[in-house]
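Please keep the structure open as you read.

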Amino acid sequence: MEIEMEKGVQRWLVNTSQWDPSPHDFSIAMSVLPQQHHSSITRFVKIEDRKRALVSRLLQYALVHQVMGIPFDEIIINRTAEGKPYLESHKKNVKFPNFNFNVSHHGDYVAIASEPICLVGLDIVSCLIPVKETISEFIHNFSSYFSSSEWEKIVKAGSDDDVLDVFFRYWCLKEAFVKALGTGVGYKLDHVEFHHKNWTDIYVKVDGGALKDWNFWLFELEGKHRVAIARGHPRIATTNFKKTLKLTNVDDDLYNLGFHLPNPRFVTRTVEELCSLFP
């Protein structure tokens, strides 16, 4: 059963800076998606934003098709009231009781992660700041989102580069966690406090209480990007997100199976590869 469940744990990554489509090529890539998604892509003015939006949707449909075996014309992806994408129930998703996925894009990368039992959250950050701001000015814009303990570790990290690095590590961990829960932007991030040992054995406290049924991983990508993944118990998902899951009261054996599944490294995909999966 574990080997079968491992197929539901996927990590895919696309470097959009390496894709420079002509307007015709872009239209062809977009045409493989259902018509209802087109306006959410073309509403962006900048081509970089359009590329990220397109690739995000290509990843969702391609991953669902490849992992679940659902024909493309039967895949229905909707969003909760808080904006979290989810797969509508389908007769073929019985093998992965709580199949869910999360997407993120920032800077050069768009990525997707999926889990068969546990919740999954994913966040990518490009560790660059606006040229008109100093590092100190930039991070202070976000000081209210960190606990006093986290903030002290950030500002006392060392050089400016060290400060920025620690800031982004904490930031993408927080984002991955709240995205796994399915919450919107209103979640109190300063109530979410991360602890670690040299950025391993990472755990989180919420309102001072440690959550023992969550795992976190941090990776570094080329071009000064970081990515965080959160995996945890469905019991504390938002109400709207819980409605999209088959099992929120997972029994201990099944939960432990999902919780201890390997966390694979990201597989790099190209836009051409993704499009080739569509009929």
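Contact here means that heavy atoms lie within 4.5 Å.

## Confidence in the model

What you are looking at is a predicted model. Its mean pLDDT is 92, and 97% of the residues reach 70 or more. Confidence is lowest in helix 1 (residues 2–6), where the mean is 84. At the other end of the range is strand 1 (residues 10–15), where confidence is highest, at 98.

Let us begin with A62, a residue of helix 4. A62 counts as buried because its relative accessible area is 0%, under the 20% cut-off. Setting aside neighbours within four places in sequence, A62 is in contact with W12, F72, L274, L277 and F278.

## Q60 in helix 4

Q60 also has its place in helix 4, which spans residues 47–68. Is Q60 buried or exposed? With a relative accessible area of 4%, Q60 is buried.

Which residues does Q60 touch, once neighbours within four places in sequence are left aside? Its contacts are I77, P85, F101, V103 and I112.

## Helix 2 against helix 4

Two packed helices are described by the angle between their axes and the distance between the axes. For helix 2 (residues 23–31) and helix 4, the angle is about 30° and the axes are 10 Å apart. Angles under 35 degrees count as roughly parallel, so helix 2 and helix 4 are roughly parallel to each other. Their crossing is left-handed.

Who makes the contact? Helix 2 contributes F26, A29 and M30, while helix 4 brings I47, R50, K51, L54 and L58. By type, the residues of this contact divide into six nonpolar and two charged, with no polar ones.

## E150 in helix 6

Our last stop is E150, found in helix 6 (residues 148–155). Why is E150 classed as buried? The reason is its relative accessible area of 0%, as buried means under 20%.

Around E150, not counting residues up to four places away in sequence, the residues touched are Y170, K174, V192, E193 and F194.

Conventions:
Residues numbered from 1 in each chain as written. Predicted model: local features only at pLDDT ≥ 70, side-chain atom pairs only at ≥ 80, totals over all residues. Heavy atoms only, no water. Helix = DSSP H or I, 4+ residues; strand = E, 2+ residues; numbered from the N terminus. Buried < 20%, exposed > 50% of the residue type's maximum accessible area, 1.4 Å probe, protein only. Axes fitted to C-alpha atoms, helices over the stretch in contact; angles between N-to-C directions. Parallel < 35°, antiparallel > 145°, perpendicular 65-115°, else oblique. Left-handed = near helix turned anticlockwise from the far one by under 90°. Nonpolar A, V, L, I, M, F, W, Y, C, P; charged D, E, K, R; others polar. pLDDT = per-residue confidence, 0-100.
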